[in-house]
Amino acid sequence: MSTSTSLTAADRAMPVRTAAVPRRYGRYLYLAINVSILIFLLAPIAIVVVFALNPTPFIQFPPVGVSTRWFEKFFASRDFMHALGFSLEVAVLTTLSATLLGASAALALARGNLPGTRLIVATMLSPLMLPAILTGLALFQTYVLLDVGRPTWGLVAGHTLVTLPYVVRTTLAVLHNFDTRLEEAAQNLGASPLRTFFEVTLPLIKPGVLAGAIFAFIVSFDQFPVSLFLVSPGNETLPVTLFNYLKFDLDGTIGAASVVSIVLAFLVVIGLDRTVGLRSYVKL
Amino acid sequence: MMKALGSSRLSRRRFLTASASLGIGTVAAPYVARADDPTLRITGWGGKWGEIMKAEIGPAFESEFKCKLQIDSAFPYLPKLQASSRSAPIYDVMHTNSNEQWAAAEMGLVEPKIDPKLVPNLADVYPYAISDKIVGVSIFTSAIGLGMRTDKGYSGVSSWKELWDAKYNGVRGGYVIPVNSLGQAFLMMCGTLFGKGQTDLDAAYTALEKLKPIKIVDFTGAMEKMLLSGEVGLCVIHDSGIYRYDGQNQPTDFVSPSEGVLSLEQVLTITPGSKMKEIANAYVNYMLRPEVQKRLAETVWYSPANKKVKLDAKYDAKLLTTPEKVSKLIQVDWKWYNERKDEIDQRVNRIFRA
Amino acid sequence: MSSAATQRPNGLALFILPSALLFALFFFLPIGLMATMSVLTGNPVVMPKVAFTTRHYARMIDDPFYLEVIWTTIRIGLVTTLVALAIGYPLAHWMARIKSRTGHALLLMAVLAPMLTGIVVRTFAWMTLLSDKGVVNQTLMSLGFISQPLKLMYTETGIVVGLVHIYVPFMVLTLTGVIGRIDERLEQAAENLGASPLRAFIEVTLPLSLPGILAGSLLVFALAISAYVTPILLGGFQIMTLPILIYQQISANFNVGFAAALGIVLLVISLLLVIAYNRALGLVSGQRELQ
């Protein structure tokens with residue numbers, strides 16, 4: 001009612017805020033902490049790059065020079081190139097299956113009114129809880145039992161198992177925050193449940209699903225213990241090839257392999273960011 | 001907004017079809033290739049051995065015997081063989097060290113003896129290659145001794161016991177005994193050095209306790225690198241691990257200790273359930289041919305098992321190529337060790353934990 | 001939101017079937033096999049006579065060594081989780097609150113970069129940093145701060161550093177979502193009422209982000225206790241955790257039964273944690289939350 005800008009009695013009664021330390025310093029501290037954390041995260045990667053360019057054939061610091069010999073060796077190696085291609089292929093197939101299965105499972109869990117939803121969610125996340133090395137051995141044993149050998153689809157199935165939880169998590173997260181009034185509005189305007197699903201629900205959960213897909217891709221590309229038992233000669237994933245390579249040769253080739261992996265994966269992530277816009281949805 | 005959605009939907013669809021066809025293509029590919037030559041499935045190390053097998057030895061064998069050689073170099077091999085059924089083993093020929101071969105033989109996964117009628121070259125090998133301490137046949141061997149840096153002023157290194165000297169604290173190198181045969185052979189050597197013999201486990205345990213601090217690794221490749229980078233100054237290693245850097249001017253050298261060198265054999269065995277017995281035996285015979293032995297020995301500095309092999313001078317000087325040199329090799333009783341492996345591992349894991 | 005308590009499953013429930021099939025074939029079947037092998041004397045498929053036995057589990061109780069290994073594994077997991085939380089929270093907060101889109105994209109790249117490097121190489125990078133002839137020691141020695149190399153690797157500390165590096169991104173990405181959903185106006189209201197930014201954080205933001213903290217911690221702990229490559233390389237093979245022991249039993253002792261038993265123990269520990277987590281979550285917030 002009163003539009004006066006003078007201080008009222010109530011205003012005067014409020015304690016005047018005096019910061020013990022000026023806000024500026026708090027801000028600097030916040031930034032300093034975060035920047036140090038970033039350095040911690042990125043330092044080993046810088047080391048990997050240095051390692052990839054250092055000509056000596058073992059771990060050494062300080063580096064003695066810059067050389068592209070390890071990149072040449074990496075690209076010239078039939079084993080590594082095949083492994084790189086195979087890893088990419090497995091990662092793509094895994095991403096597709098994990099995304100499809102995971103997103104649909106999340107939908108069923110969030111909207112399907114399933115009994116024991118919580119238990120089912122916990123079960124779907126349990127592949128993350130078991131040491132992957134056992135999962136790998138168990139799968140190998142099962143495949144042998146069923147006499148299917150070590151086919152690529154078997155490897156993809158194993159990868160899907162350990163990446164599915166991520167897709168389920170991200171999709172569930174988006175679904176939980178979903179404003180169902182949008183769906184109700186669409187239906188009020190005359191859309192059938194099916195049409196609402198495809199034209200309202202699906203596009204809106206897409207970023208969450210895509211975030212899960214990114215995790216699936218990264219985790220599959222980097223996956224080691226499950227792959228260890230399920231790869232067959234001639235069809236090895238890059239992490240397995242690297243691990244075996246390291247038994248005999250500890251040189252910059254692994255650094256080169258790593259740099260190439262990072263660049264490739266970055267391209268994938270940037271590409272997805274451009275087409276979809278990941279901003280607020282790359283969360284677990 | 002709609003335009004962006006539309007274009008992304010389009011590119012995504014294309015991407016999906018492309019990957020689907022790629023996926024189907026690759027899954028189908030192995031089935032197509034299988035219609036060809038018979039395949040012999042073997043195991044093999046990586047590194048220099050793997051390179052030369054893939055580049056020369058393998059293709060030569062394939063063309064001579066009209067088959068395909070499928071080499072699994074993803075260690076460990078035995079668990080995979082163990083998990084596969086007896087009638088359809090995952091390997092036809094297994095190449096690994098003696099300790100594993102013995103374990104495999106005990107489990108009935110590999111045939112303990114090679115038939116000399118099917119592998120005629122067996123007649124030309126040194127006695128150690130088919131001794132009672134071996135299952136299958138040893139195609140190469142290395143000597144396990146000490147490796148050292150030559151630029152740190154270590155002098156008078158001639159005995160195994162040097163490793164226990166306090167001056168090597170912080171630069172001593174050894175192996176994870178439960179998983180590595182050099183480590184296991186070394187343990188038995190400790191029994192000989194400080195006790196009544198290979199089977200004196202108590203003496204060995206006491207000696208190992210005194211060996212700390214020590215840097216341990218699971219594979220000789222890692223030890224080679226630690227020695228090259230200076231992380232380690234004196235270590236247990238096989239001669240091949242030092243000599244293979246010949247010509248690179250590395251400040252490392254191999255020492256054959258006065259108490260004797262242990263034998264690290266490269267052994268081939270055939271699986272009983274293999275459907276490719278004929279080619280398998282042919283492969284074992286092929287690997288014992290003098291020319292093949294010479295080529296491999298000179299690439300990775302292994303000592304060939306075939307007496308008839310004539311190595312070039314510089315290899316001949318350092319490797320074990322005479323009956324006399326070879327007779328000095330100490331072979332270990334793996335059957336005995338494997339029987340006690342669980343309790344030894346339990347004890348050793350305790351000794352070496354940080 | 002409608003209460004789902006008394007509603008019947010609808011058509012959407014069917015969408016769970018493909019995943020259910022995947023799980024049945026590729027998870028429950030193999031794990032069931034493992035559980036079976038953990039109580040048998042051998043592999044029934046390849047060995048003629050096998051008998052039921054509890055000796056694999058008895059072995060764990062008889063010898064204190066195995067209990068130590070279990071405790072070491074849990075301890076490393078706990079420390080890794082706490083450190084990852086301490087490091088991940090500030091970064092997650094920054095990422096959730098940053099206004100510029102480029103800034104967010106850059107931060108995202110930085111957070112994802114460790115994950116993209118590949119586990120084997122990443123661990124080797126840490127070995128390059130922490131070993132006696134590595135970056136840290138060489139730098140400190142050349143600057144004259146130390147005369148003997150510091151033992152950074154071959155210790156639990158080295159393992160924790162390596163594991164934290166791998167799992168901080170998971171923690172950050174879990175937290176950033178939750179923090180992002182906290183209405184900033186709540187913090188502003190607190191500050192308007194006289195609280196310092198720090199107090200507003202402690203009494204408003206932190207409690208509201210608790211579900212995220214729990215979710216991220218659970219994820220990191222589960223991943224940390226099942227890690228293999230990093231502990232073995234950075235611990236210098238001298239620190240024994242359950243996954244390392246399991247691998248040793250499989251690859252060098254060929255004792256699949258014992259390995260399976262150890263694995264089941266690890267699984268049980270993880271499941272107990274999920275239950276504890278669910279309880280804690282229920283106490284902390286009555287709301288619907290992702291698990």
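Contact means heavy atoms within 4.5 Å. By that rule, 33 residues of chain B are in contact with 25 residues of chain C. This is a predicted model: local features need pLDDT of at least 70, side-chain atom pairs count only at pLDDT 80 or more, and totals for chains, interfaces and linings use all residues. Residues are numbered from 1 along each chain as its sequence is written, chains are lettered from A and ligands numbered from 1 in the order in which they are written, and side-chain values use heavy atoms, with hydrogens and water left out.

- A salt bridge is a side-chain nitrogen of Lys or Arg within 4 Å of a carboxyl oxygen of Asp or Glu.
- C:D63 forms a salt bridge with B:R350, and their closest N and O atoms are 2.8 Å apart.

**Salt bridges elsewhere**

- Over all chains, the structure holds 30 salt bridges.
- B:E111 pairs with B:K277 in a salt bridge, the closest N and O atoms being 3.2 Å apart.
- This pair links distant parts of the chain, 166 residues apart. B:E111 is in the loop between α4 and β4 (137-149) of chain B, and B:K277 is in helix α9 (residues 277-287) of chain B. Helices (H or I, at least four residues) and strands (E, at least two) are DSSP runs, numbered from the N terminus.
- B:E111 counts as partly exposed because its relative accessibility is 25%. Buried means under 20% relative accessible area, exposed over 50%, and partly exposed in between (1.4 Å probe, protein chains only).
- B:E162 and B:K167 meet through their side chains in a salt bridge (3.3 Å, N to O).
- B:E162 has 14% relative accessibility, so B:E162 counts as buried. B:K167 is partly exposed, at 46%.

**The nonpolar core**

- The largest nonpolar core has 291 residues. Such a core is a set of buried Ala, Val, Leu, Ile, Met, Phe, Trp, Tyr and Cys residues joined through side-chain atoms within 4.5 Å.
- B:W49, B:L187, B:L208, B:Y283 and B:M287 touch the most other members.
- Not counting residues up to four places away in sequence, B:Y283 touches several residues, including B:L40, B:F61 and B:L268.
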